[in-house]
Amino acid sequence: MGNLTGSNTPQAQKAMALIGEHNRTVEYIRSNKNLTPEGQRKQIAANYLQYKRQITALEADDKASRASKADSLRRSLFGLSSSDANATISYRDAQDRVARIENEAQALDLLDRADLSNDEILTKAIVGRAAEAGWGNLVNNYTAKHPYYGSKLQELANLHNQETSIEGVMNHAMSYTLSAPAEIARHSDLTIDNLAAEA
């Protein structure tokens, strides 16, 4: 596993900056001798909720943005570009055929046959199945012959990896996890809301 640095999306980078801001503000509140311990706790609760709302919104936007990008890439790479009825039937047939593929060896064999017959619809369906299944040899084989699609396939694989790999999940969590300060960590969400309302 590589070094965990947080996600590299603009939203994640902004969220991590906000987490740092939050932590500095908590330290400032703690050092404010004009506040009683109860006053500090209320200020800390209000500060925490303010930053938590912003970070939660950024996380939702990040998730929606990545899902939209992945969908756009899948459509571009594996979708049907023609509205012709025969093409639509061929596309559905190809999807049914590749759904029955059980392993990469079968997929490679079918890809060779699709290439030989210039069956672009079947080829797209096979490569799409391989990308979803993580069959790297087939994807690499295909991109070696069709370099134009290589960068798009790599981008799609990276998006998938961010969602499913341990490193990707941990980087995501690191980017968006705002830990409650010790003063309010044991309180319920309702209690924190009440404290913040009194700040």
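Q: What should I know before reading residue numbers and values?
A: Residues are numbered from 1 along each chain as its sequence is written, and this is a predicted model, where local features need pLDDT of at least 70, side-chain atom pairs count only at pLDDT 80 or more, and totals for chains, interfaces and linings use all residues. Side-chain values use heavy atoms, leaving out hydrogens and water.

Q: OK, H1. Which residues are buried there?
A: Gln-11, Ala-12, Ala-15, Leu-18, Ile-19, His-22, Val-26 and Ile-29 are buried in H1. Buried means under 20% relative accessible area, exposed over 50%, partly exposed in between (1.4 Å probe, protein chains only). Helices (H or I, at least four residues) are DSSP runs, numbered from the N terminus.

Q: Why do they line one face?
A: Down the axis of H1, the buried residues fall within an arc of 110°, so they line one face of the helix. The arc is that of the directions from the helix axis to the C-beta atoms.

Q: And on the other side, which are exposed?
A: Pro-10, Lys-14, Arg-24 and Tyr-28 are exposed on the other side of H1.

Q: What covers the buried residues of H1?
A: The cover includes H2 and helix H8 (166-176).

Q: Switching topic: how many cavities of 30 Å³ or more?
A: The structure has one. On a 1 Å grid over the protein atoms alone, a cavity is a set of points where a 1.4 Å probe fits but cannot get out, and a pocket is an open set with protein on both sides within 12 Å along at least five of seven lines; lining residues have an atom within 4 Å of a point.

Q: What lines the largest cavity?
A: Its lining is Leu-77, Phe-78, Thr-123, Lys-124, Val-127, Tyr-142 and Tyr-149. H5 gives the most, with three residues.

Q: Pockets, then. How much space lies in the largest pocket?
A: About 470 Å³. A volume is the space filled by probe spheres set on the points, and grid points are joined across faces, edges and corners. Of the 24 residues lining the largest pocket, the closest to its centre are Ala-131, Leu-153, Leu-156, Ala-157 and His-160.

Q: Which helix gives the largest share of that lining?
A: H7, with nine residues.

Q: And the second largest pocket, how much space there?
A: About 250 Å³. The largest share of its lining, four residues, comes from H8.

How values were computed: Helices (H or I, at least four residues) and strands (E, at least two) are DSSP runs, numbered from the N terminus. Contact means heavy atoms within 4.5 Å.
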